[in-house]
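Subject: Structure handover

Hello,

Here is the structure you asked for. My notes follow below it.

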Amino acid sequence: MPHDLLQSARHAIAGFLRAWRGERNVRLFLLGYVFVLFLGLLLDLSKGEWFALLITGGMFLSVELLNTSIEYVADIVDDHLKAAHCTHNFEDMKMVKDVAAAASLVSFLIVAGTVVAIFVPHISKVLGDRF
C-alpha cells in the first residue's frame with residue numbers, strides 16, 4: 001500500500017475513533033446496529049435483506065460522521081466569530097448545525113424503516129409459531 005494511502009487510512013481511523021469517543025449518537029447507533037446484525041444472523045436473512053441492512057447502516061454512519069464534522073467546523077467558526085464580537089451570525093451557525101442534524105435524522109429514519117420492514121415479518125413468523 002502506498003505511503004499516502006496508508007496515511008489517509010490512519011487519519012480516517014483516528015477520525016472514526018474520535019467520533020466514537022466523543023459522539024453519543026455514533027456509539028448508540030453502532031451498538032444497536034451490532035444487535036440488529038446479530039439478530040439477522042439468528043433469523044436467517046436473505047441476501048437482499050442483508051444488502052439493505054448493510055447499505056442503509058453504512059449510509060447512516062457516513063451521514064452521522066459528516067454531521068459530526070460539520071458541527072465541529074461550525075463550533076470553531078462560531079467561537080472565532082464570538083471572539084471577534086460578531087454575534088450577528090449566530091442564527092446562521094445554528095441553521096448549519098440544524099440542517100446537518102436533519103440529514104442525520106432522515107438517514108436514521110431510513111435505517112429504522114428498513115429494519116422494521118425486514119424484521120417484523122421474520123419476528124412475526126417466529127412468534128406466530130409459538131402462539
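A residue is called buried under 20% relative accessible area, exposed over 50%, and partly exposed in between (1.4 Å probe, protein chains only). Lys 97 has 26% relative accessibility, so it counts as partly exposed.

Two notes on the source. This is a predicted model, in which local features need pLDDT of at least 70 and side-chain atom pairs count only at pLDDT 80 or more, while totals for chains, interfaces and linings use all residues. Residues are numbered from 1 along each chain as its sequence is written, and side-chain values use heavy atoms, with hydrogens and water left out.

Lys 97 lies in helix α4 (residues 90-130). Helices are DSSP runs (H or I, at least four residues), numbered from the N terminus. Leaving aside residues up to four places away in sequence, Lys 97 touches Asn 67, Glu 71, Ala 74 and Asp 75. Contact means heavy atoms within 4.5 Å.

Now helix α2, residues 24-43. Its buried residues are Val 26, Phe 29, Leu 30, Tyr 33, Val 36, Gly 40 and Leu 43. They sit on the same side of α2 because they cover an arc of only 145° around the axis. That arc is taken from the directions from the helix axis to the C-beta atoms. The face turned away from the buried side carries exposed residues, including Arg 24, Leu 28 and Phe 35.

Asp 44 follows α2. Its place is in the loop between α2 and α3 (47-83). Asp 44 is not a glycine, yet has a positive phi of about 55°. At 66% relative accessibility, it counts as exposed. The C-alpha atoms of Asp 44 and Lys 97 are separated by 40 Å.

Best wishes

Notes: Helix = DSSP H or I, 4+ residues; strand = E, 2+ residues; numbered from the N terminus.
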